[in-house]
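Subject: Structure handover

Hello,

Here is the structure I said I would pass on. My notes on what was found in it follow below.

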Amino acid sequence: IKYSCNFLVLVITECWFLFCIGSATVGKMTSTLTLADLRPKVRTFVEEYAALMKPDRIYICDGSEEEDQALRQQMVDIGRVYRLPKYENCILAHTKKADVARVEKCTFICTAKKEDAVPEPKAGAQSKLGNWKPIAEADADLQKKFDGCMKGRTMYVLPFSMGPIGSPFSKIGIQLTDSNYVVCCMRIMTRMGKKVLDTLDDGEFVRCSHSVGQPLAPGQKDDPWPCNPDHISICHFPERNEIKSYGSGYGGNSLLGKKCFALRIACNLARREGWLAEHMLILGITNPQGVKKYICGAFPSQCGKTNLAMITPTLPGWKAECVGDDIAWLRFGADGRLWAVNPECGLFGVATGTNTKSNPNAMGAIFKNTIYANVGMTSDGGVFWEGLEHEISPNVNITSWLGEENWSKDHHNGPAAHPNSRFCTPTRQVPHLDPRWEEPNGVPIDAILFGGRRPAIIPLVFETYSWEHAVFVGLSMRSQATEAAADHHGKMLLNDPFAMRPFFGYNFAKYMQHWLDMGKRPGAKLPKVFHINWFREDEKGHYIWPGFGDNCRVLDWILRRCDGEDNAVEMPIGRIPKPNSINIEGLGKIDMDHLFDMSKTQLEHEVKDMEDFFDEQLPGQLPVPVQAELQNLKDRIAKM
């Protein structure tokens, strides 16, 4: 009887799946893939979660243009997005006010042992380097939340590749989601569809499950932006390569290939396999002599990373070409150098502040095939955000992201676009795209840049003294808070080591040690490492350095340092440019002395702040070489 009952359950379950899949049709949308096309490991994953989440339908995404257009029309029909007739194939979504950014307090690394996930802070202090949750607790919580969470909805199955399909760099994921918005954005941000399944075959993949957390009762009208912001949970299980996300539809919480996979899970894979997964841009730069070099740059969100990746050099004869604007995976090549690949194939950039002056290359990319989030809408079928005041017709009316019609700066308290408003755009549309951006083996890296928003003390640029010093500088990064995370507001200075503070996938003390170990690799030809700061302010709070395209002047100095040019002087913080070694011709009066001014007292305060942070967040856990670099810095300052 027991075995007969079990057999009956299996038959009923299989019949239910066949009913869900049917002809792989949802509305007017038909997929070329069915459950039968999935390899056993993938099919088991889908069946397991479908039985738990209980969707009305299961749809396996093939990534086709027809599928994408059908999904977009679905969203238009239910009011989830607006079409923008001014542009080619562009849509706009307005989220709920409670679902506009990453929610760091609800984001967890789930491991068997706490010390594998986060450092142990000082007694009584709260960790600022990640949140830990025991595996059993996270599983139990999400099991309860996921139970029936997709009732009335479609479960979309997304096979996707981070990195060019078939590249030795690349990793594959399978995401389950009940959000058609997520499907359309993931199609932009990743390589998605049948070719990924063919490449995966019976191999390993990262399991990604997501739900907006708002099931529908029979006959219930869908919400234009379904979410469950009071119960958001984003959990990462690095020991089993799995991500679970519940309650949010916002990109950073729901596009699981992005920060969740490409940084938090990937940095665990990188540590095991001997590479790096970093929050970095990748940029190719060619000087007037035709010599090309590649750099990586790590900056916190909204600190100029995308603008640098999209730079249009103002110096004659210079050319910049973008490989990636946000994430870099770096491996040692056979030549001993670090080679980098962009695992994404889309831009998920901050819209606010983007304009023809600040980022002409982005502006050349984002007005076709783009999905906008939380920007304003103009009466002529276009978009608006702060920074576009001089680039729209004065005769159009603006509707704010909150739905306020006839919005104007003078008559409304809030902005037209949320400060963390976004554009999601295919990388292939970038006007200055590097021809090697999808090179399977990546591009060779000559320099790594760290940076952040520092109105005082930190100079425009300095070079580190060694790889160990570079790790110390990465550890010591601080930057003004931005709107990219819902948890931080104002202009407070936040410690943001390696620009990875929100994205560490394992204990940061071990992360530092991994960087140090990379520097010990036999035969390694390590890139030079620099720190830059475009945001020094004068006494009136104005930026001293013009930034944007003129940042190529700093890159010029950096690349000449990579060639061994004697154009630097040693200071306690690192090597800074010799006087007149940065080309400022044509810029007018620039207070270069102020850009590099550092008093002994200021640096002593900076070190004190560092030590307070280390003592609070990493007591007794700094690797020995990092401790030595801290002492070296103190010794150099004492000699000023």
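Which residue in strand 33 is the bridge partner of methionine 571? The partner is glycine 574. Strand 32 (residues 568-571) and strand 33 (residues 574-577) run antiparallel and are joined by 4 bridges. The two form a hairpin, with 2 residues between them.

Before the rest, a word on confidence. This is a predicted model. The pLDDT averages 94 over the chain, and 94% of the residues score at least 70. Residues 1-19 have a pLDDT below 50, and that stretch has 10 contacts in the model beyond near neighbours in sequence. Where pLDDT is low, the predicted coordinates should not be read in detail.

An open sheet is formed by 4 strands in the order 14-18-19-26, with antiparallel pairing. Strand 14 (276-278) and strand 26 (443-444) are at the edges and have a single partner strand each, so one side of each lacks a neighbour in the sheet. Helix 12 (residues 508-519) packs on this sheet and touches strand 14, strand 18 and strand 19; the direction of helix 12 makes about 125° with that of strand 14. Strand 18 (residues 328-332) is joined to strand 19 (residues 338-341) by 4 bridges.

Helix 13 (residues 552-562) is mostly covered, with 10 of its 11 residues buried. Among the buried residues are Arg553, Asp556, Arg560 and Arg561. After helix 13 comes glycine 564, which has a positive phi, near 90°.

On aromatic rings, the count comes to 26 pairs. In one of them, tyrosine 49 and phenylalanine 146 have ring centres 6.2 Å apart and planes at 75°; planes over 60 degrees apart count as edge-to-face, so this pair is edge-to-face. Tyrosine 49 belongs to helix 2 (residues 40-53) and phenylalanine 146 to helix 4 (residues 135-146), so the pair ties together parts 97 residues apart in sequence. Both tyrosine 49 and phenylalanine 146 are buried.

Tyrosine 506 and tyrosine 511 make a tilted pair, 6.2 Å centre to centre with 50° between the planes. These two tyrosines are also buried. They belong to one aromatic cluster, which includes Phe450, Trp467 and Trp515.

Finally, two charges sit over rings. The charged end of lysine 133 is 4.1 Å from the centre of the phenylalanine 108 ring. Arginine 331 lies over the face of phenylalanine 169, 5.4 Å from the ring centre.

Regards

Methods
Residues numbered from 1 in each chain as written. Predicted model: local features only at pLDDT ≥ 70, side-chain atom pairs only at ≥ 80, totals over all residues. Heavy atoms only, no water. Pairing = 2+ DSSP bridges. Contact = heavy atoms within 4.5 Å. Axes fitted to C-alpha atoms, helices over the stretch in contact; angles between N-to-C directions. pLDDT = per-residue confidence, 0-100. Buried < 20%, exposed > 50% of the residue type's maximum accessible area, 1.4 Å probe, protein only. Phe/Tyr/Trp six-rings, centres within 6.5 Å; stacked < 30°, edge-to-face > 60°. Lys NZ or Arg CZ within 6 Å of the ring centre and 35° of its normal.
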